[in-house]
Amino acid sequence: MALVLSLAGWLALPLAMHGLMLPAICTSAWSAAQGLDSAFTVNAPGQLVAAWTAMLLAMLPPMVAVPIMRLWDNALRRNRRLLVAAFVLGYGGVWLAAGLLALALSGMVAQTASPAVIGAALTALWHCSPARQRVLNACHRRPLIRVFGREAVADALRHGLRSGSLCVAACLPLMLLSARAGAAHLAAMALAGLWLAVERQLPPRPPRWLVPRRPAPRWESAPYALSA
Amino acid sequence: MVFIRREIRSLGPGWNPTMLWYAKGVRALQARPFTDKTGWLFLAAMHGFQPTVWQTFGAITATTPLPPAAVRGRFWDQCQHQSWYFLPWHRGYLFAFEQIVRAAIVGLGGPADWALPYWNYSNPAIANARQLPPVFAAATLPDGTANPLLVSRRYGRGTVPIVLSNANVALTAMADSHFTGGDSDIPPGFGGPVTTFHHGPESETTNGGLESQPHNVIHGAIGGSRPGADPNQWQSAGLMSMPITAGLDPIFWLHHCNIDRLWTQWLLMRGHGNTLDPRWARGPADRGFVMPLANGTEWAFNSIDVIRTTKAPLSYRYDDQPVTSAGLVDLDEGVEIGDEAFQEAAMTAPPASPELIGASSGRIEVSGDGQAALAIDADGGERVMRSMAAAASLTEGAAPSDRVYLKLEGIKGTGDATIYHVYVDLPPDAIPAQHPERLAGTVSLFGVSAASDPDGPNAGNGVNQVLDITDIVSGLGLRGDSLNNLAVRFVPDSAQDARATFSVDRIGVFRLGAD
């Protein structure tokens with residue numbers, strides 16, 4: 001099911017992005033607000049939303065398949081659809097907000113001297129940072145979801161918001177970078193999506209700076225920090 | 001030749017030849033450096049390793065040279081827990097240890113047919129079966145030298161000698177009808193839940209049937225924590241209490257030998273069989289298992305390679321494996337143990353998906369005696385009771401009764417030695433020990449501290465435990481009560497356990513029916 005949705009998204013993406021003009025192209029963007037403003041002036045808002053939604057549909061279903069299945073299996077039969085809907089609402093809501101953030105950031109970066117280089121450097125730094133590893137570790141956390149009443153719906157919504165936020169933090173920089181890869185952006189996004197999906201399956205690791213040619217830290221080798 | 005693994009007390013009292021050679025073999029392995037793959041420390045590290053803990057416990061120092069990173073990556077961190085690979089991996093691990101010790105023993109002039117003994121703590125016919133065999137508590141060997149089998153970090157429940165309780169050695173897992181639980185961990189099955197990857201963070205970290213009890217419980221019951229110290233601090237733990245140090249205690253191997261023997265016993269029971277799932281036979285998907293051998297080579301294996309213990313290279317059997325006039329009864333007889341047998345055929349697993357019908361209202365904190373109230377959904381409870389009534393009516397064609405399980409999800413804590421007994425539907429003010437029919441199961445926190453570490457292999461999700469409460473619930477029905485709530489009580493195994501604290505994210509109640 002997740003793969004079907006994803007495929008639909010990938011097919012829709014080129015259509016949705018056709019004719020879109022993003023703030024990097026528009027040289028008159030001077031600030032985040034102006035970036036957003038110009039993006040919406042130059043492009044029809046509907047088309048921007050369609051493009052963003054198509055990208056979400058292409059890249060996200062494989063990421064949320066497991067949390068959604070777990071939510072389904074661990075809910076009362078009569079509440080399953082409601083809890084999954086609450087989760088998707090929270091998760092999707094965060095990503096739509098992230099879309100606006102992305103447009104604003106695009107505008108800000110566009111005005112710098114070498115936007116591509118700066119973007120790549122910042123993304124690389126983020127991907128090597130212990131903070132991002134903490135985010136990746138937290139992605140594997142299974143939060144408590146209560147079973148009855150409004151609390152169950154609230155917990156599912158909160159789970160969606162939390163998962164979405166972690167996803168955005170972990171994945172947005174690389175996704176944005178690949179979306180700006182000129183003519184090859186669809187291929188770049190596909191590769192980025194594949195890499196992020198694989199990375200999602202890797203086990204948690206102690207949060208450390210990743211340094212070239214130094215092996216990634218393993219829990220078994222790190223100082224034991226857990227205490228009562 | 002086929003080596004015969006014997007019960008320790010059948011070998012003769014005190015320092016019988018087998019145990020004396022074991023002690024000498026252990027001593028020889030302990031003299032080897034950490035970088036030696038056939039050394040005591042390396043073998044223990046394959047089960048679990050943590051530099052801070054090992055240094056604090058005196059197993060290594062801050063300057064002890066470690067094996068190269070590539071070797072560590074290949075051999076260490078293989079141990080399989082909360083997984084259907086639990087039994088086959090430990091079988092291969094045990095075999096590697098046994099043949100390395102045997103080679104050391106032969107090198108010292110000992111017998112070439114030496115085999116690892118097992119400790120059958122559950123057999124009431126054996127006198128003092130539940131007491132730690134005395135050779136593990138003796139200060140010296142007969143020649144007056146220090147006894148390598150004696151370990152100071154082995155506390156039990158503070159008594160000397162260490163004696164396991166009846167509850168701790170219970171063999172309820174032998175009644176599990178399936179090796180694995182299909183695509184769900186409810187129930188997890190005798191051998192453990194399906195896990196396709198070596199360490200899958202998305203897998204449910206649920207203890208398998210035999211793994212839970214007696215395996216996990218015995219680890220905590222032997223290791224314990226230092227009397228008078230805080231059981232929630234890892235510094236207080238006995239070696240056997242935590243997976244990252246358990247391999248350092250020489251009793252570990254006799255305990256696992258017994259667990260391996262129980263697997264062979266389970267297969268002998270009518271209707272039992274290993275899973276035919278090819279993912280189990282050839283898995284894990286991302287990494288096979290590898291062990292060092294005494295001759296310096298490596299042995300790579302999958303589950304399919306360790307099914308028949310009498311087959312090379314394992315070449316062993318247990319002294320209680322039946323031998324008929326036609327010869328040795330080979331387990332899995334009649335089942336072709338070839339690749340052809342492992343098809344995409346239907347697995348011998350429960351057909352239905354479990355359905356949640358109730359749960360606790362939130363997180364449960366346990367410190368000393370603990371309680372939780374579980375609310376059951378009216379519709380779900382009703383369906384369970386109806387199915388039980390129909391099955392009890394013995395009407396022809398009636399479907400089998402629903403089965404009901406408790407799932408303790410997200411058990412988190414830092415006191416790995418902790419053991420608690422879980423009772424369901426105890427009358428108020430009842431004395432738990434007087435109601436064995438309300439005992440849902442015994443929970444051990446073996447491995448929970450690593451599982452509770454947010455940066456650890458389980459991402460801080462803790463461990464899950466599934467308990468079968470079908471009989472308890474059908475008792476409710478027989479008394480004419482309806483199923484709309486259940487009271488759960490946590491009872492510590494001892495005064496030391498009562499000082500440990502842990503939490504359970506949620507206790508879920510699941511039904512498993514034909515629909």
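**Aromatic pairs in a predicted model**

Trainee: How many aromatic pairs does the structure hold over all chains?
Mentor: This is a predicted model. Counted over all chains, the aromatic pairs number 31.

Trainee: Is the pair of F97(B) and W253(B) stacked or edge-to-face?
Mentor: The ring centres of F97(B) and W253(B) are 3.7 Å apart. Planes under 30 degrees apart count as stacked.

Trainee: Is F97(B) buried or exposed?
Mentor: Buried means under 20% relative accessible area. F97(B) has 0%, so F97(B) is buried.

Trainee: And W253(B), buried or exposed?
Mentor: The same cut-off of under 20% applies. W253(B) has a relative accessibility of 1%, so W253(B) counts as buried.

Trainee: What is the angle between the planes of W299(B) and F301(B)?
Mentor: W299(B) and F301(B) form a stacked pair. Their centres are 4.3 Å apart. The angle between the planes is 15 degrees.

Trainee: Which ring does the charged end of R5(B) sit over?
Mentor: The charged end of R5(B) is 3.5 Å from the centre of a ring. That ring belongs to Y316(B).

Trainee: Which element of chain A has the lowest mean pLDDT?
Mentor: Helix 7 (residues 130-139) of chain A has the highest mean, 93. At the other end, with a mean of 51, is helix 2 (residues 32-42) of chain A.

Key: Residues numbered from 1 in each chain as written. Chains lettered and ligands numbered in written order. Predicted model: local features only at pLDDT ≥ 70, side-chain atom pairs only at ≥ 80, totals over all residues. Heavy atoms only, no water. pLDDT = per-residue confidence, 0-100. Helix = DSSP H or I, 4+ residues; strand = E, 2+ residues; numbered from the N terminus. Phe/Tyr/Trp six-rings, centres within 6.5 Å; stacked < 30°, edge-to-face > 60°. Buried < 20%, exposed > 50% of the residue type's maximum accessible area, 1.4 Å probe, protein only. Lys NZ or Arg CZ within 6 Å of the ring centre and 35° of its normal.
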